[in-house]
Amino acid sequence: DAKVADLFEKYEFGSLKKYLGNVQAAAPKEEKHLSFSAIAPEEICRIITRTGKCSVITEGEQGFAARKIFVAAEEDGNISTSSGTVGEFAAILCDENVTKYGYDLKSQRNILKSEGTDLKGKYMDIELMHYLINPEKSHKIDILTRTYLNINLEEMAAGTDSKGEVAQTLSLFDEVPEDEPQSNRQAEAVATLLLGEKVLEEMT
């Protein structure tokens, strides 16, 4: 039936769908509207210390200094993101009591080590976590964001949802709206945080 077709579509069993005959997958769900705010590094660090978890994206290459850090956190249903230097986030990066969600956290740790910062805490690497659940399925963040969160990451990064509504509050960057790459990374940090929770839930 349609539910089985949906499962085949979700888990990429395309070659088996022919055995379902003419049954079609259910109509795609309407993409969700997600709001988040960009705040100052010191403010989000306080939130992360209270909640004990965050997502981390480290821009850079192994053997070289990190260019920028992007993080996201959630408290009382409010999602926040921020970006800055390693020094601005050193306290939470080194905090063993803060769980870190991210992609390829081992490489991020190596990049941070080049600046004398050790990424500590429980590592929740989404790519590895999802591999354990569905080893043959794509682990790319844009695909997982659609599958688990029903959110279009590209539209989320652009600041609008599929209806053209504003999907993020860029209070910190109103003066520099041209900084599109930074906006993209902020959206990715938010998606990484939410994905981590969803994938962990599916694992347990």
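Let me start with Asn150, which sits in the loop between helix 6 (141–149) and helix 7 (153–158). In this predicted model, Asn150 has a positive phi of about 55°, although the residue is not a glycine. Is Asn150 buried or exposed? Its relative accessible area is 18%, and because the cut-off for buried is under 20%, Asn150 counts as buried.

Asp104 is not a glycine either, and its phi is positive, near 50°. Asp104 is located in the loop that runs between strand 5 (99–102) and helix 4 (105–113). With a relative accessible area of 38%, Asp104 is partly exposed.

The protein contains eight helices and six strands. The protein has 204 residues, of which 42% count as buried. If we consider contacts between residues at least 6 apart in sequence, 63% of them join residues at least 24 apart. The accessible surface amounts to about 11200 Å², and carbon and sulfur atoms account for 50% of that surface.

I turn next to a pair of helices. How are helix 2 and helix 3 oriented relative to each other? Helix 2 (residues 41–51) packs with helix 3 (residues 86–93) at an angle of about 5°, and their axes are 10 Å apart. Angles under 35 degrees count as roughly parallel, and the two helices are therefore roughly parallel to each other. On the helix 2 side, the contact is made by Pro41, Ile44, Cys45, Ile48 and Thr49; helix 3 contributes Glu88, Phe89 and Ile92.

Finally, helix 8, where I would like to set two residues side by side. Leu195 lies in this helix and is buried, with a relative accessible area of 0%. Which residues does Leu195 touch, leaving aside those up to four places away in sequence? They are Tyr103, Ile126, Ile141, Leu144, Thr145, Tyr148 and Leu149.

Whereas Leu195 is buried, Met203 counts as partly exposed, at 36% relative accessibility. Together with Tyr131 and Leu132, Met203 makes a nonpolar surface patch of about 320 Å².

How values were computed: Residues are numbered from 1 along each chain as its sequence is written. This is a predicted model: local features need pLDDT of at least 70, side-chain atom pairs count only at pLDDT 80 or more; totals for chains, interfaces and linings use all residues. Side-chain values use heavy atoms; hydrogens and water are left out. Patches are made of residues with over 30% relative accessible area and no salt bridge: like charges are joined within 9 Å, nonpolar side chains (Val, Leu, Ile, Met, Phe, Trp, Tyr) within 5 Å. Accessible areas come from the Shrake-Rupley method with a 1.4 Å probe; for residues, only the protein chains shown count as cover. A salt bridge is a side-chain nitrogen of Lys or Arg within 4 Å of a carboxyl oxygen of Asp or Glu. Buried means under 20% relative accessible area, exposed over 50%, partly exposed in between (1.4 Å probe, protein chains only). Axes are lines fitted to C-alpha atoms, for helices over the stretch in contact, and angles run from 0 to 180 degrees between N-to-C directions. Helices (H or I, at least four residues) and strands (E, at least two) are DSSP runs, numbered from the N terminus. Angles under 35 degrees count as roughly parallel, over 145 as roughly antiparallel, 65 to 115 as roughly perpendicular and the rest as oblique. Contact means heavy atoms within 4.5 Å.
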